[in-house]
Amino acid sequence: MPVPLAPYPTPPVPFTPPATGCESQLVCSGCRNLLLYPVGATSVCCAVCSSVTAVPPPGTEMAQLICGGCHTLLMYIRGAASVQCSCCHTINLALEGNQVAHVNCGNCRMLLMYPYGAPSVKCAVCQFITSIGASTSNIEQKLMT
């Protein structure tokens with residue numbers, strides 16, 4: 001007697017965002033992956049590490065910086081004075097654009113960013129310490145404007 005064959009199961013319907021197409025993004029608090037979520041969500045569960053990340057309230061301005069310890073992209077609420085990295089626990093200064101200056105490393109010529117008014121800056125690439133003096137003050141002023 002022949003055995004009846006069961007039909008193949010239908011594949012699950014993929015998630016489609018709301019018709020308005022409004023999505024936003026944030027960084028996962030667990031694995032640091034970029035997460036997309038529909039506007040109006042209060043939290044997002046990461047598909048990679050299953051961490052639940054709270055969504056900031058609507059209208060909150062966010063900013064980004066690269067961690068000085070592990071080079072991970074960090075997102076934070078604009079206006080914060082410092083940001084602690086969840087990966088390496090380094091506390092990073094969160095400076096606005098008008099609070100930073102730039103200079104080329106005195107050894108490898110890498111462009112360095114530092115808090116405006118600092119006496120010196122250490123290069124993360126070659127570890128050379130570049131003194132900030134009168135010779136760079138004109139360059140700083142041009143970059144600040």
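Buried residues are those under 20% relative accessible area, exposed ones are over 50%, and partly exposed ones lie in between (1.4 Å probe, protein chains only). The model is predicted, so local features need pLDDT of at least 70 and side-chain atom pairs count only at pLDDT 80 or more, while totals for chains, interfaces and linings use all residues. Residues are numbered from 1 along each chain as its sequence is written, and side-chain values use heavy atoms, with hydrogens and water left out.

View A. A disulfide is a pair of cysteine sulfur atoms within 2.5 Å. The closest cysteine sulfur to that of Cys-105 belongs to Cys-126, at 3.6 Å, too far for a bond. For Cys-46 the closest is in Cys-31, at 3.7 Å, also too far. The count of disulfides is 0.

**View B. The largest nonpolar core.** A nonpolar core is a set of buried Ala, Val, Leu, Ile, Met, Phe, Trp, Tyr and Cys residues joined through side-chain atoms within 4.5 Å. The largest has 9 residues, among them Cys-105, Leu-112, Tyr-114 and Ile-132. Strand 9 (100–104) and strand 10 (111–115) each supply at least two of its residues; strands (E, at least two residues) are DSSP runs, numbered from the N terminus. A second, separate core of 8 residues includes Leu-65 and Cys-85.

Methods:
Helix = DSSP H or I, 4+ residues; strand = E, 2+ residues; numbered from the N terminus.
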